Amino acid sequence: NTLRLPSIRSKIGEVKILSADDIKADLQKCGLAGSPTRVVETKENTSGRRKCEFISFDRLDEVIKNSLNKTKQKIQITHTEKKISKVLCVTKAPIEYAKTVSDNIAFCDNNDVDAVIGAIKNENPDAVLFGSDSISKRVSALIAAKLDLGLCADCTALQTDGETLYMIRPALSGSVIAKIKSLTKPAMATVRTNKNSSDIVVSAGYGAKNCLESIKAFADRYGAQLGASRKAVDNDILPYELQVGLTGKTVSPSVYIAIGISGAVHHIVGMDKAGTVIAINPDKGAPIFDYADYGIIENFHNISGGKK
Ligand SMILES: Cc1cc2nc3c(=O)[nH]c(=O)nc-3n(C[C@H](O)[C@H](O)[C@H](O)COP(=O)(O)OP(=O)(O)OC[C@H]3O[C@@H](n4cnc5c(N)ncnc54)[C@H](O)[C@@H]3O)c2cc1C
């Protein structure tokens, strides 16, 4: 079986419905009864909402320059007073998260299934943390299945009362934040790590489909890294590696410039930790402006002088 990304363009064939009896499933292992994790609490996800100041395009240089001088927001660090005894980090990727809940951190530098299982047996940790790259997601799921452990994916923060690890993650397409605990030990989680090294990310959405070349030139001018919305990726405008959001990567540059992006919550969860957010969109009612510090109500095609 080759892993493939789900696509909104996929053709839906005939869906065959099988019952639990058809596949001889043990009902004790299905649904909530079989889940090794529990949602402890949920609350509305208001993260990322900002007050937008609308500006003209000619103020953009000045706004970017001032924003680069501000300190950018890093991943949510909620250092709890009480700590759990030991955390095993698979690679160094999740270390910043591990430090928030434990003073005793062990590492397994090899993210091969057997190597990690060996490290879990040797170290006997309270929690095992993985990064959010595709290998870590795959390896963590295989280990959870092999060791019958709960796994909470895509966490954005961790908390503890000294005994239980609480894993915080966006749920229901990012509209709520859920606090989850594992009923099995060690608790296992993949945590969202930032992927960009650039200070500025310029992301193109579906609205920018006809001016991609001028967006690339615009990004080059600021030494910015390119990003994309899923709709731009699904329509082959930009490659998946650039996708920002729930099913893409998380970025937290000093400045995030969204061009032709409407601001779906699935996109916002991938960039809401950026220092300053600037949105360029001709539709003043686009939700992206609720998550932007500065808004430019323009068709990018006009700004770029009609260049593609
Ligand atoms: C389970 C799930 C996971 C998802 N994961 C992700 C994810 O990881 N990342 C992600 O991005 N989305 C994700 N999505 C999709 C998401 O819901 C939106 O459909 C998507 O983000 C919309 O992309 P868009 O903003 O580029 O396109 P649209 O919503 O079509 O918006 C285009 C915008 O461009 C503006 N525009 C038009 N012309 C111009 C112009 N010339 N100049 C400037 N602006 C212009 C329009 O006013 C409009 O606001 C996911 C959806 C689901 C269901």
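Predicted model: local features only at pLDDT ≥ 70, side-chain atom pairs only at ≥ 80, totals over all residues.

Residues are numbered from 1 along each chain as its sequence is written, and side-chain values use heavy atoms, with hydrogens and water left out.

**Helix 2**

Select residues 60–69, which form helix 2. Helices (H or I, at least four residues) and strands (E, at least two) are DSSP runs, numbered from the N terminus. The buried residues of this helix are Leu 60, Val 63, Ile 64 and Ser 67; buried means under 20% relative accessible area, exposed over 50%, and partly exposed in between (1.4 Å probe, protein chains only). They lie on the same side of helix 2 because they cover an arc of only 100 degrees around the axis, the arc being that of the directions from the helix axis to the C-beta atoms. An α-helix has 3.6 residues a turn, so residues three or four places apart point the same way. On the face turned away from the buried side, select the exposed Lys 65 and Asn 69.

Next, display what covers the buried residues of helix 2: this includes strand 11 (200–204), helix 6 (212–221), strand 13 (255–259), strand 14 (276–280) and strand 15 (294–296). Contact here means heavy atoms within 4.5 Å.

**From strand 11 to strand 12**

Strands pair if DSSP finds at least two bridges between them. Ser 203 has Gly 227 in strand 12 as its bridge partner. The chain passes from strand 11 through helix 6 to strand 12 in a right-handed β-α-β crossover: with the strands pointing away from the viewer, the path from the first strand over the helix to the second runs clockwise.

**Helix 5**

Select residues 134–147, the 14 residues of helix 5, which reaches 20 Å from its first C-alpha to its last, close to the 20 Å expected at 1.5 Å a residue. The expected span is 1.5 Å times one less than the number of residues. Seen down the axis, the buried residues of helix 5 fall within an arc of 135 degrees, so they line one face. These buried residues are Ser 136, Val 139, Ser 140, Ile 143 and Ala 144. Covering them are, among others, helix 4 (113–123), strand 5 (127–130), strand 6 (151–155) and strand 10 (187–191). The face turned away carries the exposed Ser 134, Ala 145 and Lys 146.

**Backbone features**

Most residues other than glycine have a negative phi, and most peptide bonds are trans. Just after helix 5, select Asp 148, with a positive phi of about 55 degrees. In strand 6, Asp 154 has a positive phi of about 65 degrees and is buried, at 12% relative accessible area. Asn 124, in the loop between helix 4 and strand 5, has a phi near 50 degrees and is exposed, at 63% relative accessibility. Finally, select Lys 185 and Pro 186, joined by a cis peptide bond with omega about 0 degrees; Pro 186 lies in the loop between strand 9 (176–182) and strand 10.

**Cysteines**

How many disulfides does a search of the whole structure find? The search finds zero, a disulfide being a pair of cysteine sulfur atoms within 2.5 Å. Select Cys 52: the nearest cysteine sulfur, that of Cys 211, is 19 Å away. Cys 52 is buried at 18% relative accessibility, whereas Cys 30 is partly exposed at 31%.
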